[in-house]
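Subject: Structure handover

Hello,

My notes follow below it.

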Amino acid sequence: MLNKLVYSSIFFLLFSSITFAQDDKQADKVDTDLIVVQDTVKTKRPPLNVLAPSKAAFYSAVLPGLGQAYNKKYWKVPLVYAAIGIPVYLYVRNDKDLDLYRDAFKRRLSGFEQGSEGDPFPSVSNDGLVRAQQQLRRNKELALLIAIGMYALNIVDANVDAHLLQFNVDEDLSLRPHFKYNERENNTNLGLTLNFKF
């Protein structure tokens, strides 16, 4: 009884492994039928420059807009100068106005009356001069923060743009839909083909 059980188990294991092997071969055959072969001409790509992003960031840190020029994105250079130049202009303008209001306030504290000869703001009270100084100082600091932020954004933009220029978008790496006519079932099959060519 035990021998029959051992023999039947061995026979069952051999038979099942053979059937699994046949299924794998058939599955491989079916898969090879579905592969779409395309003849393409391989194009030579320039070698990958791993230092390009760091060079672009360094150039933008040294002179804003130079990293964008290094990446050959010349249209971004005026945008960089406008993004940094406008806050710098506002900083300088608010600083000059702050000095003017501060001098007028100091003049009043030294004993000159409101509206006296040489007073640049005869109609503004002392409290108005203090409030104007606070507002101009706040505007000046905000303009400085925006200018620093735009300078940093200029560096980040040059670095990211240099990374994206090296991104592979040629035909050797593609995902395409394809249609195949199935002769056995007399209909068309829709599928996606993902091609990797090295």
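In what order do the elements of the chain run from the N terminus on? The order is α-α-α-α-α-β-β. That makes 5 helices and 2 strands. Please keep in mind that this is a predicted model.

**Overall numbers**

The chain has 198 residues, and 22% of them count as buried. Its accessible surface comes to about 15400 Å². Carbon and sulfur atoms hold 64% of that surface. Now take the contacts with a separation of 6 or more: 52% of them come from residues 24 or more positions apart.

**Helix H5**

Start with H5, residues 126-165. This helix has 40 residues. From first C-alpha to last, H5 reaches 58 Å, close to the 58 Å expected at 1.5 Å a residue.

Which helices do the buried residues of H5 pack against? They pack against H2 (52-62), H3 (66-70) and H4 (76-109).

The buried set of H5 includes Gly128, Leu129, Ala132, Gln133 and Leu136. Further along, Ala143, Ala147, Asn154, Ala158 and Ala162 are among them. Two charged residues, Lys140 and Asp161, are on the list as well. When you look at the spacing, recall that an α-helix has 3.6 residues a turn, so residues three or four places apart point the same way.

**Salt bridges**

The count comes to 6 salt bridges.

Lys76 is buried, with a relative accessible area of 14%.

Asp161 is buried, with a relative accessible area of 9%.

Arg108 sits in H4, and Asp119 in the loop between H4 and H5. They are 11 residues apart. Are these two partners buried or exposed? Both Arg108 and Asp119 are buried.

As for shared partners, salt bridges join Lys76, Asp157 and Asp161 into one network.

At 11% relative accessibility, Asp119 counts as buried, because the cut-off is under 20%. Its side chain makes a polar contact with the side chain of Arg108, at 2.9 Å.

Which residues is Asp119 in contact with, leaving aside neighbours within four places in sequence? They are Arg107, Arg108, Glu113 and Gln114.

**Where to look first**

Open the view on Lys76, Asp157 and Asp161, the salt-bridge network. Then move to Arg108 and Asp119, the buried pair. Finish on H5 and its packing against H2, H3 and H4.

Best wishes

How values were computed
Residues numbered from 1 in each chain as written. Predicted model: local features only at pLDDT ≥ 70, side-chain atom pairs only at ≥ 80, totals over all residues. Heavy atoms only, no water. Helix = DSSP H or I, 4+ residues; strand = E, 2+ residues; numbered from the N terminus. Buried < 20%, exposed > 50% of the residue type's maximum accessible area, 1.4 Å probe, protein only. Contact = heavy atoms within 4.5 Å. Areas by Shrake-Rupley, 256 points an atom, 1.4 Å probe, with all protein chains shown as cover. Expected span 1.5 Å × (residues − 1). Salt bridge = Lys/Arg side-chain N within 4 Å of Asp/Glu carboxyl O. Polar contact = N/O pair within 3.5 Å; in protein donor to acceptor, adjacent residues only side chain to side chain.
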